[in-house]
Amino acid sequence: MKKIALVNQRYGLEVNGGSEYYTRLIAERLTSDYEVDVITTKALDYTTWANHYECDEETINGVHVLRFPVERERAADFNEYNGEYLSYIQSHERDISKEEIWFGKQGPYCPKAIEYIRESRDKYDVFIFVTYLYYLSVKGIPEVADKAIFIPTAHEEPFIHFKTFESIFKLPAAYVFLTDEEKSLVQKLFGCGDIPCGVMGTGVEVPCTPDPDAFRRKFKISGDYIIYVGRIDEGKDCPTLFRYFTEYKKRRPESGLKLVLMGKQVCEIPKHRDIISLGFVSEEDKFSGISGAKCLVLPSRFESLSISVLEAMTLSVPVIVNGVCDVLKGHCLKSNGGLYYMNYFEFEGILDYIFSHDAEYKLMCGNARAYIRENYEWDVIMKRFRSIINNII
């Protein structure tokens, strides 16, 4: 049996992150055809990269996981340095030496993982690197480029324009892109259209039978609600969502609509009787909560796919997304199962619309589910994924 390694900065059942969750879903499904290892760190919290896991090796759902220690946590002055460098490149040439410092400060600084990749290049037939932004991909891909499949999870943001990536993105033997929008962005920026690639996203499965009534009873939620699932973070533009929602409630005092939040809190959540934060919840509660929502809302301006959007659509729940993000806007346009906004008044208009157009809302629900069925079924995705792996081998 051929042996492959997936490389990601964090890995575990309790890890809350899009690329990390995607990596686990792929790894578990590849075990039927390959011997699979995951190369990762001992960190759980991406804001510090503090070592959390004690064991060097463990097996999670049939996947062999190799954990390496983070030798330096995220630098205390990283945010300051990040701001300074982003300002610097507005009027100066991008500087690889300054970016080298940036990657070291951001982390996770884990040289032993890179050492293992270098020393084990002949042990594995293929290395799959997930997410472009972090130390493990930046330092790991050059060590095994001829065996590397790169899943960059890239989107338009300042970091994708770092000079460092001009060379990194030309190295892998193949690409897997999550969306057509990501493929277009990467090939335009880096001129790597000659490198074999596939666009295949991720499959979506609901591991339980959602029970929205039980969810409402458990968390004492009545009436209509929209739901946000993911890190409650400035990077996801959650503060803007809070401002928009509270403004909507001021302008629609008769509305009983609630905003339910699921996920780890990283930024401040305003105190409001109709904003309900549940923290990290079980998979059963997550899917039950989504299934009972009027819509799932995602305010993020930077997404390469968004598993939470796909999960909502799987449950026939329409989505409301930030139209600044081409990927999220693309989901809406291609599915007719969601609506996007560019400012507060469009956000307000969407909420008014879904509560006043029952027939159109029901069509959106059906369209959302059809979009998943036609584009995000695991059998089709994994067949194409195995084809790319075997071509590298």
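Residues are numbered from 1 along each chain as its sequence is written, and side-chain values use heavy atoms, with hydrogens and water left out. Because the model is predicted, local features need pLDDT of at least 70 and side-chain atom pairs count only at pLDDT 80 or more, whereas totals for chains, interfaces and linings use all residues.

Helices (H or I, at least four residues) and strands (E, at least two) are DSSP runs numbered from the N terminus, and two strands pair if DSSP finds at least two bridges between them. Eight strands form an open sheet in the order 3-4-2-1-5-6-7-8, with mixed pairing. Strand 3 (57-60) and strand 8 (197-199) are the edge strands, each pairing on one side only. Neighbouring strands of this sheet are turned against each other by 20 degrees on average, direction ignored. Strand 6 (residues 148-151) and strand 7 (residues 174-177) run parallel and are joined by two bridges; Ile149 has Ala174 in strand 7 as its bridge partner. Helix 15 (residues 378-392) lies across strand 1 (3-7), strand 5 (126-130), strand 6, strand 7 and strand 8, running at about 165 degrees to strand 7.

Two helix pairs are set out below, with axes being lines fitted to C-alpha atoms, for helices over the stretch in contact, and angles running from 0 to 180 degrees between N-to-C directions.

| Helix pair | Axes | Angle |
|---|---|---|
| Helix 2 (residues 78-88) and helix 3 (residues 96-106) | 10 Å apart | about 155 degrees |
| Helix 8 (residues 212-219) and helix 10 (residues 283-291) | within 8 Å | roughly 105 degrees |

Helix 2 is therefore roughly antiparallel to helix 3 (over 145 degrees). Their contact (heavy atoms within 4.5 Å) is made by residues including Phe78, Tyr81 and Tyr85 of helix 2 and Ile101, Trp102 and Lys105 of helix 3. Helix 8 and helix 10, by contrast, are roughly perpendicular to each other (65 to 115 degrees). Here Pro212, Phe215, Lys218 and Phe219 in helix 8 meet Asp285, Ser288, Gly289 and Ser291 in helix 10.

Aromatic pairs are rings of Phe, Tyr and Trp (its six-membered ring) with centres within 6.5 Å, where planes under 30 degrees apart count as stacked, over 60 as edge-to-face and the rest as tilted; by this rule the count comes to 32 aromatic pairs. The rings of Trp102 and Phe159 have centres 5.3 Å apart and planes at 40 degrees, so this pair is tilted. Since Trp102 lies in helix 3 and Phe159 in the loop between strand 6 and helix 6 (164-168), the pair ties together parts that are 57 residues apart in sequence.

Conventions:
Parallel < 35°, antiparallel > 145°, perpendicular 65-115°, else oblique.
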